[in-house]
Amino acid sequence: MVIASRESRLAMWQAEHVRERLALLYPQCDVKIVGMTTRGDQILDRTLSKVGGKGLFVKELEVAMAEGRADLAVHCLKDMPMELPEGFVMGAVLEREDARDAFVSNDYATLADLPDGAIVGTSSLRRQSLIAASFPRLIVKPLRGNLDTRLGKLDRGEYAAIILAAAGLKRLGLAARIRSVLDPETSLPAPGQGTLAIEIPERSDGVDLVALLAPLHHEDSALVSIAERTVSRVFGGSCQVPLASYATIDGDQMHLRAMVATPDGARMISAEARGPAVDAAVLGAQVAQMLGEQGAVEILAACLSEAAQADDAARSAELKADAQADVEAGVAQNQPEVQPAEQPQAASLPGVQPGTGT
């Protein structure tokens, strides 16, 4: 069995975690990991909302599965598109880790402790809007790269603080870097945050991967993810919209909260509901309807329009740069070849033979 994985340290940890659990379940099976770089890993100078969103992190892995080079892929559910492409299904949802956001800083303990004008880094429009709404005196700037890259930028002083998912830090043994966790009342998590999911291709060779992965599946984590992702799916959830949804289960009851905002935090609406956990999708649709009645569609349409304008501006700049490069290359090619100048003959002086130096 082959697991396809991104090559970042956190992604490889996730794949190794699943490999170890499968090895314990099926000791007769040789489970391997194939690492690969995705488009999302390659583009580090722009936010995900401007370069195509979450699908950038999974496409290459899906190609490997479709071509038979891998049997499954492990993702952070937060990074998975709301709709899987045809031919792929969710094979299992693992038990959720800490779903909260983490405040990481070398000099300050909380967001409230940051001085006016301090720079906070985040890769998420959701976090950006929440920080802007609660702490308008702070400056929020984009933060891309894998976990180690982001921590390195903080340590070099590029940011006063950064906001990361607590789950990733804990999984890599970096919990000590967390100065404080942001409770959901302050920073409502993203759909699926802290949860690992296994994506598999639909197969016709008689191998039932869903049955093989069943011992890894955690039902409560799957139910809360269904509720959270239903809210996001209703509004076309992507990296381009500041949307949060977070569900918890107590006994047989589920509590679901959700939020939609503008990136600057100037307008924010929220909704919540409780109901039977087994009706997760129904509860998600109910909360989405409540958000819609408060104007969520208009807010998100404005966000998408703004994102589209930013995309157009970025594409225009790229085309202009490419055209300029083509012009410069053409000018260089059309320059006449310069022949080396003919060296003049040395003049003969009385008593000196040419070339002798004497």
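Colleague: What should I know about the source and the numbering?
Modeller: This is a predicted model: local features need pLDDT of at least 70, side-chain atom pairs count only at pLDDT 80 or more, and totals for chains, interfaces and linings use all residues. Side-chain values use heavy atoms, with hydrogens and water left out, and residues are numbered from 1 along each chain as its sequence is written.

Colleague: How many helices and strands does the chain have?
Modeller: Helices (H or I, at least four residues) and strands (E, at least two) are DSSP runs, numbered from the N terminus. On that basis the secondary structure comes to 10 helices and 13 strands.

Colleague: What share of the residues in the chain is buried?
Modeller: Buried means under 20% relative accessible area, exposed over 50%, and partly exposed in between (1.4 Å probe, protein chains only). The chain has 358 residues, and the buried part is 46%.

Colleague: What share of the contacts with a separation of 6 or more comes from residues 24 or more positions apart?
Modeller: Contact means heavy atoms within 4.5 Å. Among contacts in the chain with a separation of 6 or more, residues 24 or more positions apart account for 69%.

Colleague: Which strands pair with S10, and at which residue of S10 do Val-74 and Ala-92 stand opposite?
Modeller: Two strands pair if DSSP finds at least two bridges between them. S3 (residues 72–76) runs antiparallel to S10 with four bridges, and S4 (residues 88–93) runs antiparallel to S10 with five. Val-74 stands opposite Ile-198. Ala-92 also stands opposite Ile-198.

Colleague: How many residues of S10 are buried, and which lie on each side?
Modeller: S10 spans residues 196–201, and six of its six residues are buried. Both faces are covered. One side holds Leu-196, Ile-198 and Ile-200; the other holds Ala-197, Glu-199 and Pro-201.

Colleague: Why does His-75 count as buried, and which side chain does its polar contact reach?
Modeller: His-75 is found in strand S3. It counts as buried because its relative accessible area is 5%. Leaving aside neighbours within four places in sequence, His-75 is in contact with several residues, including Gln-14, Val-58, Leu-61 and Met-80. A polar contact (a pair of N or O atoms within 3.5 Å; within protein, one must be able to donate a hydrogen and the other to accept it, and residues adjacent in sequence count only if both atoms are side-chain atoms) of 2.7 Å joins its side chain to that of Glu-199.

Colleague: Which residue caps the N-terminal end of H5?
Modeller: H5 covers residues 147–155, and its buried residues are Leu-147, Arg-150, Leu-151, Gly-152, Lys-153 and Leu-154. Their cover includes strand S5 (101–104), strand S8 (161–165) and helix H6 (166–171). After the helix comes Gly-157, with a positive phi near 85°. At the N-terminal end, a side-chain oxygen lies 3.2 Å from the backbone nitrogen of Asp-148, and the capping residue is Asn-146.

Colleague: At what angle do H8 and H9 cross, and how do the residues of the contact divide?
Modeller: Axes are lines fitted to C-alpha atoms, for helices over the stretch in contact, and angles run from 0 to 180 degrees between N-to-C directions. The axes of H8 (residues 219–234) and H9 (residues 280–293) come within 8 Å and cross at roughly 35°. The contact includes Leu-223 and Ile-226 of H8 and Gly-284 and Leu-291 of H9. Ala, Val, Leu, Ile, Met, Phe, Trp, Tyr, Cys and Pro count as nonpolar, Asp, Glu, Lys and Arg as charged, and the others, Gly among them, as polar; the residues of this contact divide into 11 nonpolar, two polar and no charged.

Colleague: Is Arg-229 buried or exposed?
Modeller: Arg-229 lies in H8. Residues it touches beyond four places in sequence include Leu-77, Met-90 and Pro-191. The C-alpha atoms of Arg-229 and Pro-191, 38 residues apart along the chain, are separated by 5.6 Å. With a relative accessible area of 5%, Arg-229 is buried.

Colleague: What is the strand order of the open sheet of three strands?
Modeller: The edge strands are S11 (243–250) and S13 (268–276), each pairing on one side only. Nine bridges join S12 (residues 253–261) to S13, and His-255 has Arg-274 as its bridge partner in S13. The pairing is antiparallel, and the order is S11-S12-S13.
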